[in-house]
Amino acid sequence: MPKPDLSALSSTDWKKRREAIEELAQRDSQELAQGLLDLIRLDHQDPNARNAALTLLPALKTPVTEGLISLLQDRDAEVRMYAVQALGDVKNSASEQALLSMLEDPNRNVRFNAVEALGKQQSQQAVEPLTA
């Protein structure tokens, strides 16, 4: 399958980005998921593309949890933070465990976003570490 064209996700026109998100969501595939993960890792400075990727990833039927968890090991704190944000919308035990581990991240913004993501997931496991 050809690599999906994600260039419209960088558009400054929000209508074009919305249309691209809707179209890409219909073409759910492993190639699309990987392209979005790569976008977060390599092109996260582009807020339009990044936000579109963060919208699309959790909406895909293609499993993305493992790919997002792999981004939690990135050297760049911003990449880790965006992966944490996306994991907050992927509600399963693997994402919850990964988010719990990010409460110990050296970067304050990553930790803050992990708390928010665990709240979105209504994680009962987060109560003790957060209140200790």
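Is E128 buried or exposed? In this predicted model, E128 is exposed, with a relative accessible area of 62%, where exposed means over 50%, buried under 20% and partly exposed in between (1.4 Å probe, protein chains only). E128 lies in helix 8 (residues 127–131), helices being DSSP runs of H or I with at least four residues, numbered from the N terminus. The model is predicted, so local features need pLDDT of at least 70 and side-chain atom pairs count only at pLDDT 80 or more, whereas totals for chains, interfaces and linings use all residues. Residues are numbered from 1 along each chain as its sequence is written, and side-chain values use heavy atoms, with hydrogens and water left out.

A salt bridge is taken as a side-chain nitrogen of Lys or Arg within 4 Å of a carboxyl oxygen of Asp or Glu, and by this rule the count comes to 4. One of them joins E23 to R27, with the closest N and O atoms 2.4 Å apart; E23 is partly exposed at 45% relative accessibility, and R27 is partly exposed at 42%. Another links R41 and D38 at 3.1 Å, N to O, and both residues lie in helix 2 (residues 30–42), 3 residues apart, about one turn of the helix.

The salt bridge between D89 and K120 has its closest N and O atoms 2.9 Å apart. D89 lies in the loop between helix 5 (77–87) and helix 6 (93–101) and K120 in helix 7 (residues 108–120), so the pair ties together parts that are 31 residues apart in sequence. D89 is partly exposed, with a relative accessible area of 37%, and K120 is likewise partly exposed, at 46%.

Definitions and conventions: Helix = DSSP H or I, 4+ residues; strand = E, 2+ residues; numbered from the N terminus.
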